[in-house]
Amino acid sequence: MTTMRAALRGVKRVRWWRRNGTSVAIATMGVLIVFIICNIVKLATDLGANKTSVVPPVTTTKVTLQKTTTLTLEPIVELPEESNSNEQDNIQQYMEETFEISSMNYYSARNVSTGYSTEVVNSVSTSKQQVYTYLGRTYDEEDVQNIARIAWFEQGICGKEMTQLAAAVLINRSHWTEFGSTYLECFYQDGQYSIYTIERYESSEEIPEEVYDWIVELLSGESVYGEVPATVVFQAQFPQGIDTYATAANTYICYADESLLGEYIP
């Protein structure tokens, strides 16, 4: 009996679905479509809002330009392009006797806005340093000072001529590979000069002013020896080498055998 009733209820449900199933399906699809459209609209709205928010704000800056002060340069003194012979002679003498030469150009700086004028000096300085040629090499004022100090501390007690010979020996050695290629290399070569002489040279101890003139005289070829022969490279309190060039106060300045000096350095 129960089975019969259940079968009747199932038949009724099938009949109802046949009559109303299409309407239910259409209604359900309509609800789904409406739901989908609403979500699409919401998503588009959110994307639009986010896109707008990342655009940086536009700012403006107000710039005010001000006129700057203008200066003009006007020459008020002109140096002569030509001079007479006396003036040229004086300039030549000045150049020969002076280590530094300066030339100046004068200008007037005028403020256009105020009309105020002031003088401006444009100084151009050039250096002219005396150089000396000895045995084919040139020596400047710094070299004169170094050589004078070395020679004085090495042999100055014997006076002018022996100081000049001590300087000549130092310079001559720098022309031979046996000793070195510069006078300072020779001076600092082991065993060539005493520690006492080196320490005095490197100290602040002063030497007589005339010693510098003695070295200038030697380098200019104006000493009593002129240019001391390049093979005169020995200086000691006893004779050595192959011959003696000069002697004074128990100091011997001697020639060396050229074959023992290595190569000559011009």
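I took helices (H or I, at least four residues) and strands (E, at least two) as DSSP runs, numbered from the N terminus.

I note that the model is predicted, that local features need pLDDT of at least 70 and side-chain atom pairs pLDDT 80 or more, and that totals for chains, interfaces and linings use all residues. Residues are numbered from 1 along each chain as its sequence is written, and side-chain values use heavy atoms, with hydrogens and water left out.

**Strands**

I looked up the partners of β8 (residues 251-255), where two strands pair if DSSP finds at least two bridges between them. Strand β6 (residues 232-236) pairs with β8 in the antiparallel sense over four bridges, and alanine 236 stands opposite tyrosine 252 of β8. Strand β7 (residues 243-248) also runs antiparallel to β8, joined by five bridges. In that pairing I found aspartate 243 opposite tyrosine 255. β7 and β8 form a hairpin with two residues between them, and alanine 249 in the turn has a positive phi of about 50 degrees.

**Helix α3**

I checked the length of helix α3 (residues 141-155). Its 15 residues should span 21 Å, and its end C-alpha atoms are 21 Å apart, which agrees; the expected span is 1.5 Å times one less than the number of residues.

I then looked up burial along the helix. In α3, 11 of the 15 residues are buried, so the helix is largely enclosed by the rest of the structure. Among the buried residues are Glu141, Asp143, Arg149 and Phe153.

At the N-terminal end of α3 I found a cap: a side-chain oxygen of aspartate 140 lies 3.2 Å from the backbone nitrogen of glutamate 142. Glutamine 155, also in α3, is buried, with a relative accessible area of 7%. I recorded a polar contact of 2.7 Å between the side chains of glutamine 155 and glutamine 235. For such a contact I required a pair of N or O atoms within 3.5 Å; within protein, one must be able to donate a hydrogen and the other to accept it, and residues adjacent in sequence count only if both atoms are side-chain atoms.

**Aromatic pairs**

I counted eight aromatic pairs, where rings of Phe, Tyr and Trp (its six-membered ring) pair if their centres lie within 6.5 Å, and planes under 30 degrees apart count as stacked, over 60 as edge-to-face and the rest as tilted. The rings of tryptophan 152 and tryptophan 214 have centres 6.3 Å apart and planes at 50 degrees, so this pair is tilted. The pair links distant parts of the chain, with tryptophan 152 in α3 and tryptophan 214 in helix α7 (residues 210-219), 62 residues apart. Tryptophan 152 is partly exposed at 22% relative accessible area, whereas tryptophan 214 is buried at 15%.

I next examined tryptophan 176 and tyrosine 264, whose ring centres are 5.1 Å apart with planes at 70 degrees, so the pair is edge-to-face. Tryptophan 176 lies in the loop between α4 (160-173) and α5 (183-188) and tyrosine 264 in the segment after β8, so the pair ties together parts that are 88 residues apart in sequence. Tryptophan 176 counts as buried at 3% relative accessibility, while tyrosine 264 is partly exposed at 37%.

I also noted that ring pairs link Phe187, Tyr188, Tyr193 and Tyr201 into a cluster. Arginine 173 lies over the face of phenylalanine 179, at 5.3 Å from the ring centre; a charge sits over a ring if NZ of Lys or CZ of Arg is within 6 Å of the ring centre and within 35 degrees of the ring normal.

**Cysteines and a distant pair**

I searched for disulfides, taken as pairs of cysteine sulfur atoms within 2.5 Å, and the count came to zero. Cysteine 158 is partly exposed at 27% relative accessibility, and cysteine 186 is buried at 1%.

Finally, I looked up glutamate 161, which lies in helix α4 and is partly exposed at 40% relative accessibility. Glutamate 161 and leucine 218 are 57 residues apart in sequence and 9.5 Å apart in space, C-alpha to C-alpha.

Methods:
Buried < 20%, exposed > 50% of the residue type's maximum accessible area, 1.4 Å probe, protein only.
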